[in-house]
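Biologist: Could you take me through this model? I would like to begin with how contacts are counted.

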Amino acid sequence: MHIKSAEFIVSNSDVAKCPKSRLPEYAFIGRSNVGKSSLINMLTNRKSLAKTSGKPGKTQLINHFLINKNWHLVDLPGYGYARVSKSSKKVFQKFITQYFSFREQLVTAFVLVDIRHNPQTIDLEFMQWLGENGIPFSIIFTKADKLKPKAIENHVQDYKNILLETWEDMPNYFITSSSKNIGQDEVLGYIDELNNN
Ligand code: GTP
Ligand code: MG
């Protein structure tokens, strides 16, 4: 897919205020600092469409972007950010939960995980929750530039071993690096395929 246009539309913490249009939508979620906003910039060939930061907790709201005037890309806040207070964590969980539960336009979620780490409980629990609620998702491994190919293969295999204990099939997955531009064609090609179905 060629990205002809990418525009920021709106940020909010209320799913009821998300754009009303029925355009297909794709959401990017994962732990704080995993590289969601960087991936969105890489996918859209824009340097700073989504705001990135070395400090976790940069993205705090549901951010809608309109791509090629025919689909929405959504940057979500990270989960598992230890420094937010307990009460704001609750509010946060509520609006994220509501987003996934009520956003009918959502075609699929992309759950980002840092390829350098072993499977983390918080990510596995989140995937479990999506599965139980019938929300389709794919996995995007991020920061592949940080590991050698063999280590990448091993870490993907660790995920497969764990996920296949619960699931019949391994979800679709992609290996990406925003700094080295790896995985752009694969992720955009997949979105294109879903948009045309
Ligand atoms: P929150 O909005 O805080 O939840 O974070 P986020 O998931 O949006 O992460 P963000 O894109 O802001 O990136 C976090 C940090 O990781 C930044 O310092 C990025 O430069 C770095 N980073 C993101 N993607 C990559 C990548 O592919 N490779 C490398 N080496 N670093 C990356
Ligand atoms: Mg972010």
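Modeller: Two residues are in contact if their C-beta atoms, placed from the backbone, lie within 7 Å. Please note that this is a predicted model.

Biologist: Then which residues does Leu-66 touch, leaving aside those up to four places away in sequence?

Modeller: Leu-66 touches Glu-7, Ile-9 and His-72. Leu-66 itself is found in strand β3, residues 62-67.

Biologist: How exposed is Leu-66, and why?

Modeller: Leu-66 counts as partly exposed because it has 18 C-beta neighbours inside 10 Å.

Biologist: How far is Leu-66 from Leu-23?

Modeller: Their C-alpha atoms are separated by 9.2 Å, and the two residues are 43 residues apart along the chain.

Biologist: Let us turn to the sheet. What is the strand order?

Modeller: The order is β1-β3-β4-β2-β5-β6-β7, in an open sheet of seven strands with mixed pairing. The edge strands are β1, residues 6-12, and β7, each of which pairs on one side only. From one strand to the next, the twist averages 25 degrees.

Biologist: Do β1 and β3 pair in the parallel or the antiparallel sense?

Modeller: They pair in the antiparallel sense, over six bridges. Within this pairing, Ser-11 has Asn-63 of β3 as its bridge partner.

Biologist: And which way do β5 and β6 run, parallel or antiparallel?

Modeller: Strand β5, residues 106-114, and strand β6, residues 137-142, run parallel and are joined by six bridges. Ala-109 stands opposite Phe-137 in β6.

Biologist: What follows on the β7 side of β6?

Modeller: Strand β7, residues 173-175, pairs with β6 in the parallel sense over three bridges. Ile-140 stands opposite Phe-174 in β7. Here the chain crosses through helix α4, residues 149-166, and this β-α-β crossover is also right-handed.

Biologist: Where does α1 lie relative to the sheet?

Modeller: Helix α1 lies across β1, β2, β3, β4, β5 and β6, and runs at about 140 degrees to β2.

Biologist: Now the ligand. How many residues surround ligand 1, and which are the closest?

Modeller: There are 23 residues around ligand 1, and the closest are Gly-35, Ser-37, Ser-38, Thr-59 and Gly-78. Helix α1, residues 36-44, gives the most to this shell, with three residues. By class, the shell has 15 polar, five charged and three nonpolar residues.

Biologist: Let us move to the loops. Which value of phi does Asn-33 have?

Modeller: Phi of Asn-33 is near 80 degrees, a positive value in a residue other than glycine. Asn-33 lies in the loop between β2 and α1. This residue is buried, because 20 other C-beta atoms lie within 10 Å.

Biologist: What about Lys-143: is that residue buried or exposed?

Modeller: Lys-143 is buried, with 23 other C-beta atoms within 10 Å. The residue is found in the loop between β6 and α4, and its phi is positive, at about 60 degrees, although it is not a glycine.

Biologist: Finally, where is Gln-60?

Modeller: Gln-60 lies in the loop between α1 and β3. It counts as partly exposed because it has 15 C-beta neighbours inside 10 Å. Gln-60 and Ser-11 are 49 residues apart in sequence, while their C-alpha atoms are 9.1 Å apart in space.

How values were computed:
Residues numbered from 1 in each chain as written. Chains lettered and ligands numbered in written order. Predicted model: local features only at pLDDT ≥ 70, side-chain atom pairs only at ≥ 80, totals over all residues. Pairing = 2+ DSSP bridges. Helix = DSSP H or I, 4+ residues; strand = E, 2+ residues; numbered from the N terminus. Right-handed = clockwise from strand over helix to strand, strands pointing away. Buried ≥ 20, exposed ≤ 12 C-beta atoms within 10 Å, placed from the backbone. Near = placed C-beta within 6 Å. Nonpolar A, V, L, I, M, F, W, Y, C, P; charged D, E, K, R; others polar. Axes fitted to C-alpha atoms, helices over the stretch in contact; angles between N-to-C directions.
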